[in-house]
Each structure stands twice: as structure tokens, then as C-alpha cells.
Amino acid sequence: MARKADRETIDALTRVTDFDAKTIEKLAGVGRPVNIPERWAVMIENTPADKAYIILEGTVEIRRHQESIAELGAGDVIGEMALVNGKLRNATVVAKTPVKALHLTDSDVAELLEHDPNFAEKLQKKATERLD
């Protein structure tokens with residue numbers, strides 16, 4: 001359920017993402033800012049998708065089959081495609097540093113998709129850019 005977006009979250013999303021102002025306002029209204037401690041496993045490979053995050057500060061390590069395959073940081077979205085596609089997680093995500101992120105539940109993502117049917121396409125574009 002959307003709530004009033006706080007200015008700090010809007011500013012952080014504006015600084016680190018290229019989402020348009022309307023999407024940022026909606027993201028900040030449905031997501032919850034969270035702090036994730038260093039070495040915390042944020043997501044585990046082969047588990048059901050129930051959340052996604054937009055990294056506002058810090059770095060995470062992506063591991064597949066216990067092998068490091070990438071590092072992501074501010075502006076990157078993690079966990080989104082498993083939610084949108086209804087699949088199991090294909091990697092484990094571990095905080096390499098303390099991380100500030102915007103936490104989005106599966107219902108938050110559903111609300112965003114209802115608000116903007118092209119949101120899934122925006123997430124797919126971000127994921128594709130990350131792979132390039």
C-alpha cells in the first residue's frame with residue numbers, strides 16, 4: 001500500500017537511477033528504506049522470489065553455485081526479474097559492504113506494475129544493461 005514518499009528516498013532514487021520522476025515518486029511511496037549489514041545474505045539461490053531491492057548505497061556480491069559472478073552497487077536493482085517472471089532465484093546476493101536499499105515486496109512490485117504496465121520493461125532494461 002502506497003504511503004507518502006519521503007524526500008530523502010526520492011532524492012536518493014533520483015541520484016542513483018534513471019527512472020522518471022513519476023516512477024521514482026511511486027517507488028518511494030511503496031518501498032521501504034532498509035539498512036543491510038555487511039556479509040548479510042540478502043537473497044539465496046533457488047528460493048522463491050518475494051522481494052526486490054534498489055541499491056541506494058553500498059555494494060553487493062552476486063554468487064551463483066557459490067562462485068562470485070558480479071558486484072552491483074548504487075542504482076542497481078536486485079531480485080526483480082525472479083519476481084516479475086515468477087521464478088526461483090538464480091543467484092545468491094550478499095552485502096559486500098553495509099548497504100542502504102529500497103525494499104520492495106512482491107505486492108509492492110505488483111502495485112508498481114498496476115501503476116505503470118511498462119515498469120516490467122524498465123526493470124528488464126536495467127537487467128539487460130547490467131549484463132552488458
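Colleague: Hi! Before we look at the pocket, what counts as a helix or a strand here?
Modeller: Helices and strands are DSSP runs, numbered from the N terminus; a helix has at least four residues and a strand at least two. Keep in mind that this is a predicted model.

Colleague: Thanks! Which elements each supply at least two residues of the lining of the second largest pocket?
Modeller: Helix H1 (7-16) does, and so do strands S1 (32-36), S3 (51-57) and S8 (99-105). H1 gives the largest share of that lining, with four residues.

Colleague: What volume does the second largest pocket have?
Modeller: About 200 Å³.

Colleague: And which residues line the second largest pocket?
Modeller: Among them are Asp6, Glu8, Thr9, Ala12 and Arg15. Pro33, Val34, Asn35, Leu56 and Glu57 also line this pocket, together with Lys100 and Ala101.

Colleague: How does that lining split by class?
Modeller: Five of the lining residues are nonpolar, five are charged and two are polar.

Colleague: Let's go to S8, then. Is S8 mostly covered or mostly open?
Modeller: Mostly covered: five of the seven residues in S8 are buried.

Colleague: New topic: in what order do the four strands of the open sheet come?
Modeller: The order is S2-S7-S4-S5, and the pairing is antiparallel. S2 (41-43) and S5 (67-72) are the edge strands, each with a single partner, so one side of each has no neighbour in the sheet. From one strand to the next, the twist averages 30°.

Colleague: How many bridges do S2 and S7 pair over?
Modeller: Two, in the antiparallel sense. Ala41 is found opposite Val94 in S7.

Colleague: Last one: which element has the lowest mean pLDDT, and which the highest?
Modeller: Helix H5 (residues 119-131) has the lowest, at 67, while strand S7 (residues 92-95) has the highest, at 97. Where pLDDT is low, the predicted coordinates should not be read in detail.

Colleague: And what does the chain average?
Modeller: The chain has an average pLDDT of 88, and 92% of the residues score at least 70.

Key. Residues numbered from 1 in each chain as written. Predicted model: local features only at pLDDT ≥ 70, side-chain atom pairs only at ≥ 80, totals over all residues. Heavy atoms only, no water. pLDDT = per-residue confidence, 0-100. 1 Å grid on protein atoms, 1.4 Å probe; cavity = no way out; pocket = protein on both sides within 12 Å on 5 of 7 lines; lining within 4 Å. Points joined across faces, edges and corners; volume = space filled by probe spheres on them. Nonpolar A, V, L, I, M, F, W, Y, C, P; charged D, E, K, R; others polar. Pairing = 2+ DSSP bridges. Axes fitted to C-alpha atoms, helices over the stretch in contact; angles between N-to-C directions. Buried < 20%, exposed > 50% of the residue type's maximum accessible area, 1.4 Å probe, protein only.
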